[in-house]
Structures are given as structure tokens and as C-alpha cells.
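Morning, everyone. Please look at the model on the screen while I talk. I'll go through helix packing, then the spaces inside.

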Amino acid sequence: MMLKKLTKFSGALVLLATLQAQGQVKPYNGNPDSSFETARKLAFNDQRKQAQDTLLHILTKYPNYSDIRTFLATTYSWDGDYKKARKEFAYVMEKDSNNKENWVAAIKNESWSNSYYEAIKMADDALKLFPNDDEILLLKASALENTKKPLEALQIVEGIIEKNPNNTKAIEFKSSLNQSLRKSAIGLRSAVDLYSEVFDPMQLHTLSLSHLTKYGTVIAKVNFNRRFKENGTQFEVDLYPKIAKGLYAYVNFGVANSFLFPDLRYGVELYKSLPYSLEFSAGFRALQFDSTTMIYTGSLGWYTGNNYWAIRPYLTPGEGGLSTSGLVNYRRYRANADNYWSASFSMGFSPEIYQFKVENNQNTIINLQSQRLNLGYFFTTHKNKNAWGAQFDLTHQEISFDPGNYFWIYSFTLSWDMRFK
């Protein structure tokens, strides 16, 4: 009996509290402009929670008051609540796409959240509505700088200054770019493969020198390999020429005079930007040992916020038929394009991936079974002058001379690049 009374009493309390709470929520009946001004003063005096409550209250009666909703989103962005801000900006753009203030604030929100690729995409969309707008162009240039495209950023800034020589923000940005723009880099990369059986440890070391030009990047490399108690050297050149807007290429050529490397290797691949932050590529690699192995490949990549996903197949024709393999790659970017975590997983054997981990002629081993997991961490120090990387590979690979049996390969890689003008 007592339990029933307590239950009824508790239920009554809950009902009373609910009714009281509902009674406290009063509809907005004030002057929206005056209330907006009050909310702005609160926000600029570090009382953002009170400001946001006021703005939300106004929006209950005036949901399409775009200036209020844009300012609300901006306060969320100031607080680092980028997801909430993004939702409010999207609402305004859906109702009023010609609101430039909203576009500017939304692009800043993406950049502040380190979603630089989204910021670039949004800036491009905004420039269709506001062609050659200096403010939006500067925001795009800033995002490009953070995606490792300083030359493109510099070209945009120089175009702004040419059109408006008194644009102080563009002049200051150009000065900053010139100070930080390092077009050349020297790099070292060292990797060691440890085998669970059969083979001794194997090493690969690379010395590289790269230079960034307005036509693209040129990279010269010297690869030194030690396997089977033998040493070998390979010389390579990588080119990344720009062909047109959203279209560039990868061109590779390498020579060696050692059985540890292909006598000759070359390849070409075209990359094309697509809508929705997608990128597609297609091309081939050729590795010449006693005979030439052709590898046909391509990729589909997707930038979404701070994330990058890509899939890449490899098709290798051979005497035993067509060998297929594939790779899935993921990157989580942080401050810029040089700072990220990476993970990839591949299945099947491709001489392109495993060219330093094979022990016989390429044509005899392309049908080997293999699974590989790669984890990496890349970061910069000292104003992005030095770039570092560490990777770990775990490979489960079929033994070429003992089909059906496998060994494990544990690979460790360290890399360093120093940029200079």
C-alpha cells in the first residue's frame, strides 16, 4: 500500500515538473533586431552561451532570419563546435544562396576545423556566385597553402594584388607566403624488412632531391638496396606536371645495373579532379628484368573533411593469365597535408608494391598470394621546414619456391625531408 502511494506521489512530481518546465518556455514576442543587437553585445563580451540562447529564442519565431542564423553559426564556430556551425550555415545557404557573409563564415568554419579540402570546394562554389571576390579568393588561397599547394595560393594572391594593388591583406599574405614557400627539398628514407624465415634482413635507402616549379614538381632519387648479401643502386626521376585545371600527371623513369632492381622502369598516370571532392586516375607501370612486366593501375580517391579514402587495383598480365591485386588507403589529416595518420591494406601480389621484396624473375611470381597492412604517422617541425614520417608494415606472403607456405615480413620505415628555398 505504501509502495503504491509513493509511486503515485513520484508520478505527480514528474508531471508537475514537466508542466512547470513547459510553462517557463515562453514564445518570442520581442523586436528581433533589438534582440539581435543585444545578443551580439553578449557574444562579443564573452557571454556566448547567453547570446546563443537569445539567438535561438528569436529563431523560434523568425527561423529564416538569415543574419541571425549566420551569427549563431559563427558563435558555434568560435567555440570549436564546427559540426553545429556547419548545420546552421547549410540551412542559410539552402534558403538564401546569395548571402555572401554566410559563405565567408562557412568557409572559415571549414578551415578552422582543418577541413581544408572542404574549404577549397566551398570557396569554388562561392566564386560561381561571387566571381573574383577578393575575400573569398583569399580564403581559398589560405586553404590551398594548408593543402601543400603554396604556388597555387601565391598565384591567386598575385592576381588579387594585380587587380587591386592596395589590398593590404593580400600584400601581407604574399609576404608570408614568400617567407614560408620553400620550393626545394632534400630527403632521406630508410626501410628494413625482417623475415620470419628463409631470408636475412633486407634494406632499402633513398636519397631524393625535389623542386617545385609552376609547371609541377620534379623529384630525382637514388635508391640503394641490400639483399642476398648483395648491393644495388637505382636512379629514378619522378615528374608531376600540371596539364590543365584539375588535371595533372605522374611520370616515372628509372634505370639500374643490378639484379636487385629492374634494369628499366617507367610509368605514366593521369589524375583528374571530379565533383564531390573525388579524384580519378588511370595509368601503367613497366618493370624490365629479363622480360618486361606491364602493370595497369588506377585509383579513385575521395576527400571528405579531414579524411581521405582511396582504392587502387593492379592488373598484371602474365604467362599464367591475369594477376589482380588491390589496395585500400586511408588518411586522417591534421594541421595540413604534411601532418596525418595513414593506414592501408592490400591483397594479392603486385610487383609495383613488392618490387623490393621479391626473390625471382617477376613473371614467375605475380600469382603469389599476399596480404599486407601498413600504418604510418607523418608530421612536421620547425615551421614545416622539416617533415618526418614513420611506417610499419606487416606482410603475410606466399613463398615463391614453396607454394602454399607463407612467411611473415616485418618492415620499418623512417623518412625525413628538409625544405629550403
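One definition to begin. Ala, Val, Leu, Ile, Met, Phe, Trp, Tyr, Cys and Pro count as nonpolar, Asp, Glu, Lys and Arg as charged, and the others, Gly among them, as polar. By those classes, the lining of the second largest pocket has 4 nonpolar, 2 polar and 4 charged residues.

Some ground rules. This is a predicted model, where local features need pLDDT of at least 70, side-chain atom pairs count only at pLDDT 80 or more, and totals for chains, interfaces and linings use all residues. Residues are numbered from 1 along each chain as its sequence is written, and side-chain values use heavy atoms, with hydrogens and water left out.

Now, what is a pocket here? On a 1 Å grid over the protein atoms alone, a pocket is an open set of points with protein on both sides within 12 Å along at least five of seven lines. A cavity is a set where a 1.4 Å probe fits but cannot get out. Lining residues have an atom within 4 Å of a point. Grid points are joined across faces, edges and corners, and a volume is the space filled by probe spheres set on the points.

Back to that second largest pocket. It holds about 270 Å³ of space. Its lining is K108, S111, W112, E135, L138, L139, S142, K169, E172 and F173. Helix 6, helix 8 (134–146) and helix 10 (168–180) each give two or more residues to this lining. Which helix gives the largest share? Helix 8, with 4 residues. Helices, by the way, are DSSP runs of H or I, at least four residues, numbered from the N terminus.

Next, the cavity. The count is 1 cavity of 30 Å³ or more. The largest cavity has a volume of about 60 Å³. It is lined by 13 residues, and the closest to its centre are N114, Y116, Y117, Y333 and N336. By class, that lining has 5 nonpolar, 7 polar and 1 charged.

On to packing. Two packed helices are described by the angle between their axes and the distance between the axes. Axes are lines fitted to C-alpha atoms over the stretch in contact, and angles run from 0 to 180 degrees between N-to-C directions. Under 35 degrees counts as roughly parallel, and over 145 as roughly antiparallel. Contact means heavy atoms within 4.5 Å.

Take helix 6 (residues 100–112) and helix 7 (residues 116–129). They pack at about 165°, with axes 8 Å apart. So helix 6 is roughly antiparallel to helix 7. The crossing is left-handed: the near helix is turned anticlockwise from the far one by less than a right angle. Among the residues that meet are W103 and I107 in helix 6, and M122 and L129 in helix 7. The contact has 9 nonpolar, 1 polar and 3 charged residues.

Now helix 4 (residues 66–78) and helix 5 (residues 82–95). Their angle is about 160°, with axes 7 Å apart. Helix 4 and helix 5 are therefore roughly antiparallel. Their crossing is left-handed. The contact includes L72 and Y76 of helix 4, and F89 and Y91 of helix 5.

Last, helix 2 (residues 32–44) with helix 4. The angle is about 15°, with axes 11 Å apart. That makes helix 2 roughly parallel to helix 4. This crossing is left-handed. Contact residues include F36 and F44 of helix 2, and F71 and W78 of helix 4. By class, there are 8 nonpolar, 1 polar and 2 charged.

Technical notes:
Angles under 35 degrees count as roughly parallel, over 145 as roughly antiparallel, 65 to 115 as roughly perpendicular and the rest as oblique.
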